[in-house]
Amino acid sequence: MQAVLPPDALPGEEMRRQLLRRLEDEVRACQRCPLATTRTCAVPGEGNLNAVVMFVGEGPGFDEDRLGRPFVGRSGQFLTNTLAQLGIARSEVYITNVVKCRPPQNRDPLPAELDACSDYLTRQVALINPRIIVTLGRFSMRRWFPTGAITQIHGHVRNIGRGRIALAMFHPAAALRNPTWQAAFIQDMAKLPALIERAQRANAAAARGEALPAGAPHPGDEDYVA
Ligand code: URA
Ligand code: SF4
């Protein structure tokens, strides 16, 4: 499974790389919300600049806050292993969260914190330009799925514009707590390889200047704004 674009498939690779580095540095120094005072390390996100898939979780937990890297604790290992089972290497995707600093005691992020942090994710999506956004848990789901409970809409795919789709999934930590959700998590993730292949076909056709394959979202579509 090839989950990454070939080098130089998108224009301005070096510029995008620099802008992403700058954004990550900005996050590490950010003081925009009170979570800055309780964090150890901010966690901007990590992964491939040319990723076709971006995973968006909730916020750093204990291990992530210590290490400054996303999804490196128990739920991160579960996520990474589930991907590996499908032949998708963690190094080929990009992984981040809706809030970049750990909420104390892993409480839910507050609306003001989500608001304060939102612009970083908007910029990450624009720079990486993923075809597929996988939302992990209800806070990141809400950004692209305006209605519906996660128990109802996990596994659903939605066209969010600019040639992008969003796939809603349970949070891996929730999956680890509940066997039914764990089975759903694995089943929903199994949709990814076919979605990645479709995205790669659309990318290849667009690179050749051809019409997009039937059913592929058009890169010129407006971004969906919740
Ligand atoms: N849970 C999240 O939502 N994000 C992480 O990075 C780790 C755990
Ligand atoms: Fe800044 Fe986001 Fe961290 Fe708040 S959570 S301090 S907005 S990076």
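**Ligand shells and a helix pair**

Reply: Happy to, bearing in mind that this is a predicted model. Around ligand 2, the shell splits into 10 nonpolar, no polar and three charged residues.

Me: Which element gives the most residues to the shell around ligand 2?

Reply: That shell has 13 residues, with Cys30, Cys33, Ala36, Cys101 and Cys117 the closest. Two elements give two or more residues to it, helix 2 (35-38) and helix 5. The top contributor, with three residues, is helix 5.

Me: And ligand 1, how many polar residues are in its shell?

Reply: Ligand 1 is surrounded by 13 residues, and the closest are Gly57, Glu58, Gly61, Pro70 and Phe71. Gly counts as polar here. Four residues of the shell are nonpolar and two are charged, while the polar ones number seven.

Me: Back to helix 5: how is helix 1 oriented relative to helix 5, roughly parallel or roughly antiparallel?

Reply: The axes of helix 1 (residues 13-28) and helix 5 (residues 111-128) come within 10 Å, crossing at roughly 165°. Angles over 145 degrees count as roughly antiparallel. So helix 1 and helix 5 are roughly antiparallel.

Me: What is the handedness of the crossing of helix 1 and helix 5, and how many nonpolar residues are in their contact?

Reply: The crossing is left-handed. From helix 1, Arg16, Leu19, Leu20, Leu23 and Val27 meet Tyr120, Arg123, Gln124 and Leu127 of helix 5. By class, this contact of helix 1 with helix 5 has two charged residues and one polar, and its nonpolar residues number six.

How values were computed
Residues are numbered from 1 along each chain as its sequence is written. Chains are lettered from A and ligands numbered from 1 in the order in which they are written. This is a predicted model: local features need pLDDT of at least 70, side-chain atom pairs count only at pLDDT 80 or more; totals for chains, interfaces and linings use all residues. Axes are lines fitted to C-alpha atoms, for helices over the stretch in contact, and angles run from 0 to 180 degrees between N-to-C directions. Helices (H or I, at least four residues) and strands (E, at least two) are DSSP runs, numbered from the N terminus. Angles under 35 degrees count as roughly parallel, over 145 as roughly antiparallel, 65 to 115 as roughly perpendicular and the rest as oblique. A crossing is left-handed if the near helix is turned anticlockwise from the far one by less than a right angle, and right-handed if clockwise. Two residues are in contact if their C-beta atoms, placed from the backbone, lie within 7 Å. A residue is near a molecule or strand if its C-beta atom, placed from the backbone, lies within 6 Å of it.
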